[in-house]
Amino acid sequence: MSERGVFIGKLIIPRDREFYEVRNPADTRQVIAKFPRLRRDDAREAIGKAKEAFSKWSKTLPVERARILYKVADIIESRADELARTLTLEEGKTIPDSMFEVVRTINLLRFYAGLITRGQGKVIPSQDKNTIIMTNREPLGVVSVITPWNFPLSLPAWKIIPAIATGNTVVWKPASITPTIAYELVKAFYDAGLPEGVLNLVTGSASEVGDELVTNKDVDALTFTGSLQTGKEINEKVGKMNRFIRVQLELGGKNATVLSRNGDVNLAVELTVRSAFGLTGQACTATSRFLVPEDMHDEVLSKLVERTKKIVVGNGLKNGVDMGPLASKEQYDKILSYIEIGKSEGAKLVYGGQPIRGSEEFDYGYFVMPTIFDGVTPDMRIAKEEIFGPVLAVMTYRTLDEAIDIVNSTEYGLIAGIVTRDISEAAKFAEGVKVGVVKVNKPTIGLEPWVPYGGVKGSGNDMYKEMGEEAIEFFTRIKAIYVGY
Ligand code: ADP
């Protein structure tokens with residue numbers, strides 16, 4: 001297996017660094033690639049390259065930047081099948097789910113290419129005569145991008161694309177287990193003619209490479225998605241440095257789907273199963289709590305279990321598979337330990353709860369059955385903590401107000417869903433839940449790139465949204481210009 005490179009200014013293969021293996025989580029005998037474990041100095045050098053590139057890139061015309069973004073979109077489109085396959089091999093999700101990421105990335109590229117040529121400033125009437133006041137948006141400088149493995153292509157894309165589109169330069173550290181698809185994205189940018197140093201890719205440990213991206217004084221902004229714990233650490237580090245840089249933190253979720261008494265039971269079951277077990281539950285937007293009216297509990301639970309039994313678990317490359325493996329040994333151990341926690345807390349395990357073993361197809365991968373716990377109460381850890389795997393907690397409620405209280409009872413506030421035919425109930429729910437995104441009769445997973453996204457409470461620092469037009473706000477600062485004539 002050949003050794004792959006990183007981008008420090010341009011593509012390099014640092015032969016004098018140690019290389020680590022990236023393995024297929026569906027079959028760990030298979031090595032996908034080898035990437036260098038870079039050191040702090042390498043990250044520093046990449047930041048230096050980004051800083052150097054900024055002076056020119058920030059002065060390019062929006063139309064020139066857009067031309068490159070459109071070209072990247074075309075390149076990715078022409079390689080869509082191959083990229084989806086790479087993503088599945090590396091992360092484990094199914095081919096349709098990988099293709100969804102590829103298509104979203106193409107959409108993001110074209111969306112921001114169009115948006116950036118539209119102009120971002122205002123003209124404001126002055127209180128003085130013969131005066132024009134206008135605002136302009138300027139890029140910030142070097143942006144550090146630190147991303148997780150669960151959406152290894154489209155999530156970095158929704159940070160990197162608006163950053164570059166607005167004239168910033170980027171240093172990106174992907175999660176250690178998904179560098180190959182990261183490499184492919186960066187390569188597409190350079191194949192499209194991106195000037196050297198505008199987008200840098202550094203692989204390596206969080207403690208060296210990640211830390212440098214957070215603490216380096218030449219970094220002007222930081223956008224991070226990952227766990228609440230890491231988000232807190234990063235926030236603390238930046239705070240201690242006492243530098244006023246922009247920090248965007250997108251953290252976890254403990255999202256609920258609520259079935260209302262006026263909702264379609266089959267629809268609620270379908271949406272919940274898709275949002276809880278699709279992507280193997282490894283999405284910030286996954287449903288991990290299903291709230292059901294107390295008097296409908298038995299009917300709903302039996303339908304839920306019946307539907308869950310139909311989920312086909314297997315290698316994501318195979319046709320007809322609904323749920324791939326967990327992405328790593330670490331995830332696998334974590335999910336199994338949460339299943340034990342659920343049992344010991346007194347929740348009732350009604351389906352799954354075990355690894356899948358006993359055949360060639362499963363023995364070398366991190367496969368776990370979709371798992372349902374019933375009788376879960378809001379005080380249990382499996383009702384409060386982000387598990388990030390295919391584990392669903394079924395809870396009951398009596399009134400809509402109580403359901404809203406339960407939805408709001410965790411540290412997180414990312415997404416909440418309701419299934420109802422009653423529009424006033426939907427509106428009351430949307431008003432009462434403390435989250436960034438509300439879904440009515442829709443799965444909690446699935447975001448559209450033109451819509452602002454971001455959570456509240458422990459789900460993010462909520463200063464700026466991601467995606468949509470709103471992403472531009474994070475990556476640019478406003479300058480006001482008064483002109484007398
Ligand atoms: P996960 O690994 O489950 O995606 P993490 O929050 O641990 O979630 O990691 C998300 C990303 O942040 C990864 O790229 C990881 O390497 C990086 N990271 C983790 N800890 C730190 C840290 N202290 N400083 C900078 N980056 C970090």
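Helix 3 is followed by glycine 92, whose phi is positive, near 105°. Helices here (H or I, at least four residues) and strands (E, at least two) are DSSP runs, numbered from the N terminus. The model is a predicted one, in which local features need pLDDT of at least 70 and side-chain atom pairs count only at pLDDT 80 or more, while totals for chains, interfaces and linings use all residues. Residues are numbered from 1 along each chain as its sequence is written, and side-chain values use heavy atoms, with hydrogens and water left out.

Because 9 of its 12 residues are buried, helix 3 is largely enclosed by the rest of the structure. Buried stands for under 20% relative accessible area, exposed for over 50%, and partly exposed for values in between (1.4 Å probe, protein chains only). Among the buried residues of helix 3 are Leu83, Leu87 and Glu90. Their cover includes strand 3 (19-24), strand 4 (27-36), helix 2 (62-78), helix 4 (95-116) and helix 6 (179-191), with contact taken as heavy atoms within 4.5 Å.

Turning to helix 15 (residues 423-432), Glu425, Ala426 and Phe429 are buried. They cover an arc of only 100° around the axis, so they lie on the same side of helix 15; the arc is that of the directions from the helix axis to the C-beta atoms. The face turned away from this buried side carries the exposed residues Ile423, Ser424 and Glu431. At the N-terminal end, aspartate 422 caps helix 15, with a side-chain oxygen 2.9 Å from the backbone nitrogen of serine 424. Strand 12 is one of the elements covering the buried residues of helix 15.

Threonine 257 lies in strand 12 (residues 255-259) and is buried, with a relative accessible area of 3%. Its side chain is joined to that of threonine 287 by a polar contact of 2.9 Å. A polar contact is a pair of N or O atoms within 3.5 Å; within protein, one must be able to donate a hydrogen and the other to accept it, and residues adjacent in sequence count only if both atoms are side-chain atoms.

Finally, the ligand is surrounded by 19 residues, with Thr147 and Lys173 among the closest; a residue counts as near if one of its heavy atoms lies within 4 Å. An oxygen atom of the ligand is 2.9 Å from an N or O atom in the side chain of lysine 173.
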